[in-house]
Amino acid sequence: MTKIRLLDPRLANQIAAGEVVERPASVVKELLENSLDAGARRIELEIEDGGVKLIRVRDDGEGIDREDLPLALSRHATSKINALEDLESVASLGFRGEALASISSVSRLSLSTAREGSDSGWSARSEGRDMEAVLAPIAHPRGTTVEVRDLFFNTPARRKFLRTEKTEFNHLDDVVKRQALSRYDVGFSLRHNGRAIHSLKPADNQLEQERRLAAVCGPAFMEQALFIDREAMGLRLWGWVALPSFSRSQADLQHFYVNGRYVRDRLVVHAVRQAYRDVLFHGRHPAFVLYLELAPSSVDVNVHPTKHEVRFRDGRTVHDFIFRTLHKVLADVRPDTVPQNAS
Ligand code: ADP
Ligand code: MG
């Protein structure tokens, strides 16, 4: 008898799901990224029980062709890249072709979609049993609705790791806020157990952007934030940094985006922290919402399945640019904002 066997596809997907689907918030991240990649201008989220019972994401993006539907739900199927070289210039948020397959292997997933100008929309569902999508015609406006019910219903070991409804919802809300700050031109709404949590209209000028920022980060941050925008050596850094007078006891208001993608990168965190070092008291954390833009070929996003980490081709230059830019900004405002010794 042989010992080595190929895993059946569902089991393989469930194992892969361990990497990308940790909790309801991770499902929301993947679904929002798909909606943004589909060119959506409005995204509506409806959540029940912290996302464990229901996550519904509805977008007005380009939709999926009927012929593509079964593939959309299979692993390693993506419309976003073709060849290894494409990874060099990938501009979409997704490209691994794993999210829908992974999510559908650990939940009851259904997807309804319609393309612009097509006679009918289509729905597909997979009940966590297998990846054979059952297709049926359905009325749907242009765009896609994905419903994920009963997350981890068939993987009790994973379900055990879920926390309270409130905790799960907070994680999920963080993801929505991060995405909302990554695309001001897209409207986002979020409802939880029937209650409206956010309703963010598309913002296309700085005033409206700042209104969104205040809604997401709080009015106090906005009042204490400086807008910056610097460019050098093919790098652009823009966004809002809080004055040292608005520091936090936790590193909980730190948003950094690389080419529109939210990242938590050690090099970036280090550069920002260094810049604030002289103006913040020990144990206090800076608050910022910053966007770094650079040629896609100068940064590798395929470092980790969740893509939270990136690798810069020239990390030194990126680090110095961030540090110098912020250091200068903070040095310029320092005299009247840092508490002075009354001497
Ligand atoms: P990836 O995003 O890495 O390509 P996914 O499993 O998340 O992989 O999605 C698979 C494919 O399904 C995508 O490449 C895309 O073609 C299609 N798709 C998924 N969600 C949407 C959506 N909301 N609108 C349009 N197409 C979608
Ligand atoms: Mg995706």
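Here is a short chat about the predicted model above.

Student: OK, how many helices and strands does the protein have?
Tutor: 10 helices and 15 strands, taken as DSSP runs numbered from the N terminus (helices: H or I, at least four residues; strands: E, at least two).

Student: And what share of the residues is buried?
Tutor: 36% of the 343 residues. Buried means 20 or more other C-beta atoms within 10 Å of the residue's own, exposed means 12 or fewer, and partly exposed is in between, with C-beta atoms placed from the backbone.

Student: Switching to L111, where is that?
Tutor: L111 sits in strand β3, residues 108–114. It's buried, because 23 other C-beta atoms lie within 10 Å.

Student: What is L111 in contact with, leaving aside neighbours within four places in sequence?
Tutor: S123, A124, T144 and V146. A contact means C-beta atoms, placed from the backbone, within 7 Å.

Student: Now ligand 1. Which residues come nearest?
Tutor: Of the 23 residues around ligand 1, N34, A38, T78, G94 and A99 come nearest; the cut-off is a C-beta atom, placed from the backbone, within 6 Å.

Student: Which elements give two or more residues to that shell?
Tutor: α2 (24–37) and α4 (99–105).

Key. Residues numbered from 1 in each chain as written. Chains lettered and ligands numbered in written order. Predicted model: local features only at pLDDT ≥ 70, side-chain atom pairs only at ≥ 80, totals over all residues. Contact = placed C-beta atoms within 7 Å.
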